[in-house]
Amino acid sequence: MKKAVRVISIFLIAAMVLSFAACKKSGADDGKFWAKVDKVEEPSYQSGTMALADFEKQYRPYTDWRIYEIRTAETTVKPVGSGTAYYVSNSGNNNNDGLSPENPLKDYAGAKMKGLKSGDVIYFERGGVWRGTNEITTDGLTIAAYGEGKAPKFYASPENGSGDGYWKETDVANVYEYKDRFNDDVGAIIFDDKECTYKSTYTTADMTDSKSTKLVNSYKNLKEDLQLYHDVKTYKVYLCSTEGNPSDRFKNIEFNVSKHVFRVTADNVTFDGICVKYTGAHGISSSTCDGLTVRNCEFGWIGGGRQGGITETTRYGNGVEIWGGAVNFTVENNYFYQNYDAGATFQFSSQVQDVKVDNVKFNNNVFEYCNYSIEYFITIPGDEKITDFEIDGNIFWYAGDGLCAQRDDRSGSNHIKSWGHQNPLANPIKITNNFFALGVRQLCETLDTTGVGADYDSNVYVQTEGKRVAVNTGLDDYFKMDSKVESNIKTYLRDKNATIIKISK
């Protein structure tokens, strides 16, 4: 990986490890500890065998520092050409002109009323929260942040579900009913930004809870703590809470409802320095487009909802997705965590429409607790090829754990996931300078039917001994973390400069 010039006092290492242990499974970190640290040096990675605890102690602090850097990155974007700067604040008013922080608008709808045009920037005040779906239809628009404090937050969740009278006891011990009904599927409920429900569903095609494999067709079947049931007939939400009323247990309760937070139907749209969370669908969803750029953003607790409606069976949810052609698609310096499906992806499947994929960059991001950190697949009948696709300088941890662990297909998790589609490549994917740490199934899958594959170089591969490492075009099946792993990485991934760390069982 690229070596940065960073410095940290040695006595802080123990404190960093403790800080990591407290928030490891959540992605949550208030940043107070890291604000006292000047900089952290990227470690010098060494091949060998390590116990998991020793590995995390040595290599995790740099990841936590990178997350802090992303969350506190300065917004430097400015209006382009004749573009206008608009300011939006929770304390604003849509009758204001929105042209200064002293006279802000209230929300995105207020900005749209101004007649947005290419080159405009909408700055949302740091520390604010906006809920619902935002439809981005203006070419050349930028969504960014202004002010001091934490990044502006955008949630699909309609409200904080912790309050007096919000949950009432049912006739079943430990089972509570929420005050409101949800027409959109609730894929998960997130508690204090640290833990989540697992979902119990009932439709004509899916009558079992994937965790306990018991019939769940009524709230009366809920038995285990933080088990969620969304009734497809009454639209009511039920929760098993063995430690009392949910509002007494948790200060913050958010609902992953199946609505995209941002829906983009325009070209050359940029997101810079915002936080997107609590949706059962996608954080940023786009169809075929040119010039989508996402940088310095956070995507947490994404997905788990039913794709296509409350009675459907397939669950989904990606941090950033382009469905269709992806040209000049850049995802850089972002933090993705607790994503039910993929962190970042472009994908398309059609027998009648060809699409173009060119100049795609997924660089210098941090991914953890995603089923697929990066996912891509293209199934098309035409002559277009995927051109100039690179994955560089990213940090990957724990594929297949966290929110996505409740999936029926958990065994499909990878940090890079290609599926068995055509994926027609004009030239090899460049996968360089990445840190791949631990996956429930394996680390990387890069397959295509054109025989091109991916060129890996200077990556770090970390996996438990005996578990899968990778499969690339030209290899019939995956290879494992075993005595042949070094040879296999050089031969099949074409990585001559790999660092390989085996985690002892």
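Threonine 464 stands opposite isoleucine 503, a residue of strand 38. The model is a predicted one, in which local features need pLDDT of at least 70 and side-chain atom pairs count only at pLDDT 80 or more, while totals for chains, interfaces and linings use all residues. Residues are numbered from 1 along each chain as its sequence is written, and side-chain values use heavy atoms, with hydrogens and water left out.

Strand 38 (residues 499-503) and strand 35 run parallel and are joined by five bridges. Strands (E, at least two residues) and helices (H or I, at least four) are DSSP runs numbered from the N terminus, and two strands pair if DSSP finds at least two bridges between them. Strand 35 also pairs with strand 32 (residues 435-439), in the parallel sense and over three bridges. Within strand 35, tyrosine 461 is the bridge partner of phenylalanine 436. Strand 35 (residues 460-464) is largely enclosed by the rest of the structure, because four of its five residues are buried. Buried denotes under 20% relative accessible area, exposed over 50%, and partly exposed in between (1.4 Å probe, protein chains only).

The largest nonpolar core contains 88 residues, of which Phe271, Phe329, Phe346 and Phe362 touch the most other members. Such a core is a set of buried Ala, Val, Leu, Ile, Met, Phe, Trp, Tyr and Cys residues joined through side-chain atoms within 4.5 Å. A second, separate core of 33 residues includes Tyr59, Ala188, Ile395 and Val462. Neighbours within four places in sequence aside, phenylalanine 271 has contacts (heavy atoms within 4.5 Å) that include Ile136, Phe262, Leu292 and Cys297.

Asparagine 365 occupies the loop between strand 26 (357-363) and strand 27 (366-379). With 1% relative accessibility, asparagine 365 counts as buried. Apart from neighbours within four places in sequence, its contacts include Val331, Phe336, Gly393 and Ile395. A polar atom of the asparagine 365 side chain lies 3.1 Å from the backbone oxygen of asparagine 363.

Asparagine 103 is placed in the loop between strand 2 (85-88) and helix 3 (108-112), and its relative accessibility of 26% makes it partly exposed. Residues up to four places away in sequence not being counted, asparagine 103 touches Asn96, Asp97 and Gly98. The side chains of asparagine 103 and aspartate 97 are joined by a polar contact of 2.9 Å. A polar contact is a pair of N or O atoms within 3.5 Å; within protein, one must be able to donate a hydrogen and the other to accept it, and residues adjacent in sequence count only if both atoms are side-chain atoms.
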